[in-house]
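Work through the exercises below with the model open.

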Amino acid sequence: MKTELPYIVIDTNVLISAGLLPQSKSAQVLALAVEHFVIAQNQETWHELETRIARSKFDPYFGDSGRLRHLVKIAQSIQRFGVSASVSVSRDKSDDKFIGLAMDSGAKILISGDPDLKDIKTYKGIEILSPVQFFESFSP
């Protein structure tokens, strides 16, 4: 997929929240990101999204086909990357895959609600923003 739009990384909790609460800040952030960026994903981040969104605790929010519709919506706006960057930056090592993805894709922005990522703030030119920070910076 050739694109002139820049890449962006959005962590799993923001992507799931956007589907759970369609009027939420996360949903607004996803809509804004899809309009102005291409969402970077790799095998590790997509697997996390698929397995986390399948948790039964989300059943009341998604209904019968809501999960699939949400995943398809996201899938239509992504570019997949191979995993090559290996970093050890976050207190929660399971979050390092998002920083690695940003490095592999050349994304300059990572959107996360996770305190372990947000506390990093920036890493090698990658700005780590909360959904609110991103929305305030990029909304018209």
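**Exercise 1: α1 against α3**

In this predicted model, α1 and α3 pack with their axes 10 Å apart and at an angle of about 45 degrees. Classify the pair α1 and α3 by angle, find the hand of the crossing, and list the residues that meet.

*Solution.* 
- Step 1. Start from the angle of about 45 degrees. Angles under 35 degrees count as roughly parallel, and 65 to 115 as roughly perpendicular. α1 and α3 are therefore oblique to each other.
- Step 2. Take the hand. α1 and α3 make a right-handed crossing.
- Step 3. List the residues. α1 brings T12, L15 and I16, which meet T45, E48, L49, R52 and I53 of α3.
- Step 4. Sort them by class. The contact of α1 with α3 has four nonpolar, two polar and two charged residues.

**Exercise 2: α3 against α5**

Describe how α3 packs on helix α5 (residues 66-75).

*Solution.* 
- Step 1. Read the geometry. The axes of α3 and α5 lie 11 Å apart, and the angle is about 165 degrees.
- Step 2. Apply the cut-off. Angles over 145 degrees count as roughly antiparallel. α3 and α5 are therefore roughly antiparallel to each other.
- Step 3. Take the hand. The crossing in which α3 passes α5 is right-handed.
- Step 4. List the contact. α3 supplies W46, L49 and I53, while α5 supplies R67, H70, L71, I74 and A75.
- Step 5. Sort by class. The contact of α3 with α5 divides into six nonpolar residues, one polar and one charged.

**Exercise 3: α3 against α6**

Now take helix α6 (residues 96-105). Why is α3 oblique to α6, and which residues make the contact?

*Solution.* 
- Step 1. The axes of α3 and α6 come within 9 Å and cross at roughly 135 degrees. That angle makes α3 oblique to α6.
- Step 2. Take the hand. α3 passes α6 in a left-handed crossing.
- Step 3. List the contact. E44, T45 and E48 come from α3, and K97, F98 and L101 from α6.
- Step 4. Sort by class. The contact of α3 with α6 holds two nonpolar residues, one polar and three charged.

**Exercise 4: the largest pocket**

Give the volume of the largest pocket, and say which residues and elements line it.

*Solution.* 
- Step 1. The largest pocket holds about 200 Å³ of space.
- Step 2. Its lining has 14 residues, and the closest to the centre are T12, N13, E48, R52 and D114.
- Step 3. Assign elements. α1 (12-20) and α3 (43-53) are the elements that give two or more residues to the lining. α1 gives the most, with three residues.
- Step 4. Sort by class. The lining divides into eight charged, three polar and three nonpolar residues.
- Step 5. Link back to Exercise 1. T12 of α1 and E48 and R52 of α3 belong to the contact of these two helices. T12, E48 and R52 are also among the residues closest to the pocket centre.

Terms used. Residues are numbered from 1 along each chain as its sequence is written. This is a predicted model: local features need pLDDT of at least 70, side-chain atom pairs count only at pLDDT 80 or more; totals for chains, interfaces and linings use all residues. Side-chain values use heavy atoms; hydrogens and water are left out. On a 1 Å grid over the protein atoms alone, a cavity is a set of points where a 1.4 Å probe fits but cannot get out, and a pocket is an open set with protein on both sides within 12 Å along at least five of seven lines; lining residues have an atom within 4 Å of a point. Grid points are joined across faces, edges and corners, and a volume is the space filled by probe spheres set on the points. Helices (H or I, at least four residues) and strands (E, at least two) are DSSP runs, numbered from the N terminus. Ala, Val, Leu, Ile, Met, Phe, Trp, Tyr, Cys and Pro count as nonpolar, Asp, Glu, Lys and Arg as charged, and the others, Gly among them, as polar. Axes are lines fitted to C-alpha atoms, for helices over the stretch in contact, and angles run from 0 to 180 degrees between N-to-C directions. A crossing is left-handed if the near helix is turned anticlockwise from the far one by less than a right angle, and right-handed if clockwise. Contact means heavy atoms within 4.5 Å.
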